[in-house]
Amino acid sequence: MAVKHPELNFPPIKLAAIERDGKPMVFDTIRKSYVVLTPEEWVRRHVVEFLISHCHVPRLSITQEYPVNINSTAQRADIVVFDSQARPLMLVECKAPDIKVDRSVVEQATRYNMVVGARYIILTNGLKHYCFELTAEGYRQILHFPQYE
């Protein structure tokens, strides 16, 4: 199974991969199952491992495909990290490497966060990352991934 995905702006990771019905699958250590390795999933796997290894997020504090109800429409945030009191701390929106992180992605994440209420929003396509902190004045960009508190 030779699937070529671009090198991302994250440290390299090791993935357990198989092929099922002609599709490449990787083991998701959070959901404890194999998932189809799409370009967006490639980014998500890297983000999850980075949050654990570099931001010190406990694996059990990470939820993926978190349900968000917007105007009676079921949506899903890619990743939500909860703090030690089970309050949303970070909302992460992942895009495939060929998708530009533009205003529409920012608007999508801030809509989701009106429901979720996380302190931080992270937007990434694996190549470029944007981090924001929600303050009393609104969102302000920060220049680093937030650390788990």
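Two strands are taken to pair if DSSP finds at least two bridges between them; strands (E, at least two residues) and helices (H or I, at least four) are DSSP runs, numbered from the N terminus. The model is predicted, so that local features need pLDDT of at least 70 and side-chain atom pairs count only at pLDDT 80 or more, whereas totals for chains, interfaces and linings use all residues. Residues are numbered from 1 along each chain as its sequence is written, and side-chain values use heavy atoms, with hydrogens and water left out.

Six strands form an open sheet of mixed pairing, in the order E4-E5-E6-E7-E8-E9. Its edge strands, E4 (62-70) and E9 (138-142), each pair on one side only. Strand E8 (residues 129-135) is joined to E9 by five bridges in the antiparallel sense, and Phe-132 stands opposite Gln-141 in E9.

Helix H2 (residues 103-116) lies across E4, E5 (73-82), E6 (88-94), E7 (120-124), E8 and E9, and runs at about 150 degrees to E6. Such angles run from 0 to 180 degrees between N-to-C directions, with axes fitted to C-alpha atoms, for helices over the stretch in contact; contact means heavy atoms within 4.5 Å.

A nonpolar core is a set of buried Ala, Val, Leu, Ile, Met, Phe, Trp, Tyr and Cys residues joined through side-chain atoms within 4.5 Å, where buried means under 20% relative accessible area (1.4 Å probe, protein chains only). The largest such core holds 28 residues, of which Leu-51 and Ile-79 touch the most other members. Helix H1 (39-54), E5, E6 and E7 each give two or more residues to this core, and H1 gives the most, with seven.

Definitions and conventions:
Buried < 20%, exposed > 50% of the residue type's maximum accessible area, 1.4 Å probe, protein only.
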